[in-house]
Amino acid sequence: MGVKILAIETSCDETAICITEASGTPEAPSFTILGNALLSQAALHAQYGGVFPNLAKREHQHNLVPMLAEALRQAALPASAPILGKSDLPKILERETELLQPLSEFLESHGKPAIDCIAVTHGPGLEPALWVGINFAKALAYVWDLPLVPVNHMEGHIVAALASDERSKSIAPMSYTLEATSFPLISLLVSGGHTELLLVKALGEYELLGATRDDAAGECFDKCARLMGLPYPGGPEVSRLAAHARAHKLPPTFALPRPMIDTRDYEFSFSGLKTAVRRVLEHHLPALGKSDLPKLSDDERAALSREIEDAIVDVLVKKTLAAAKDKGAQTIIVGGGVSANTHLRERLTEAATDIGATVLFPPRELSTDNAVMIAMASYAYAHAGTFASAENIRAQGHLSL
Ligand code: KG4
Ligand code: ZN
């Protein structure tokens, strides 16, 4: 019998709930996904050109109960009769005013499902968004009398990179196992909020080698995309156009810097790249008013996208390889939304092969934010019985590993 975990992720603009059955040792576990529901708010935030925290908070409040209902429907677990008369619920949800009523109604018709614990992301991320998931987790833990595991979102991305991709999609339910890898390994975490190189001595033992001094790699993709008039999130858009430019061998019209590529450290800086893109656009289109969107031709936009992607990937690959060599790591893992980038996957794999190292990427569906990775990261803690009391769990926007 495994451990059944209900995991909740609301650190940014995805509302995600997963129910998984975990089994095996924490070193070589396997996870059967019983129910998995995810709703991205990206389209809503697109009009602001990035994630707007209070909108994210409101949307998580609206979406959590439907996501829970969907995950439970898929899992079809046995449940008790509804547990009524839990009077502290309004207090637990006093700051999530729009969540109280739908959750109360839900709990009046749904009993406690056969799960063993609740895992929830407590940071890093947007605090108003994190709080919704945390208070929702506390409410469920209170009514259903279940223990809580707070999970670091970045540890989720690390664990996702170790998840094997070799399952058969035709066999339901879907399951993952974690790759048995030899430590130490180098972890490159690249998302909308983070760009970090870490030395992973074991799961749970991390040493930060370096990080970005300003913008994250994903943020750079998003900001450059915005300057070119492309929608949020910009990473997939820039990547799609860059692939078009490569496929059609468009001429290299633009040249961008590779910030900090030659510094002998593990630090990054991507804000200058965005500024350089702005300068290119202004130079290219001198009549451009500040508020005008640049009217690049489709080919020009594709060529610029390729140069942006090349610049970011060049820097990420060089520093990651240097870290692997310096620290004697045979394995490199890549986590976070930017790990979905095909060009980064190809370039890093090629470069690592040259030094005899292996690179592991998350399965595509676990690259960007999701609750499966939160469930997987919680297992070692749940297995060891390391739970946190509700009053000690707080949203920590800048939580580090
Ligand atoms: O990990 P994630 O889903 O959320 C955060 O925790 O930030 O990462 C989102 C970031 C966004 O900046 C998005 O543009 C970027 O990941 N991203 C990509 C790709 N897919 C998502 N960047 C480059 N290429 C992609 N294919
Ligand atoms: Zn993330």
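Q: How do helix 6 and helix 12 pack?
A: Helix 6 (residues 153-161) packs against helix 12 (residues 372-383) at an angle of about 95°, and their axes are 8 Å apart. Helix 6 is therefore roughly perpendicular to helix 12, a term for angles of 65 to 115 degrees. Axes are lines fitted to C-alpha atoms, for helices over the stretch in contact, and angles run from 0 to 180 degrees between N-to-C directions. Helices (H or I, at least four residues) and strands (E, at least two) are DSSP runs, numbered from the N terminus.

Q: What sort of model is this, and how is it numbered?
A: It is a predicted model, in which local features need pLDDT of at least 70 and side-chain atom pairs count only at pLDDT 80 or more, while totals for chains, interfaces and linings use all residues. Residues are numbered from 1 along each chain as its sequence is written, chains are lettered from A and ligands numbered from 1 in the order in which they are written, and side-chain values use heavy atoms, with hydrogens and water left out.

Q: Are histidine 153 and aspartate 369 buried or exposed?
A: Both are buried, that is, under 20% relative accessible area, with exposed being over 50% and partly exposed in between (1.4 Å probe, protein chains only).

Q: New topic: what is the strand order in the open sheet?
A: Its five strands run in the order 9-8-7-10-11, with mixed pairing. Two strands pair if DSSP finds at least two bridges between them. Strand 9 (205-211) and strand 11 are the edge strands, each pairing on one side only.

Q: What about strand 10?
A: Strand 10 (residues 331-335) runs parallel to strand 11, joined by three bridges, and parallel to strand 7, joined by five. Threonine 331 stands opposite threonine 358 in strand 11, and leucine 185 stands opposite threonine 331.

Definitions and conventions
Angles under 35 degrees count as roughly parallel, over 145 as roughly antiparallel, 65 to 115 as roughly perpendicular and the rest as oblique.
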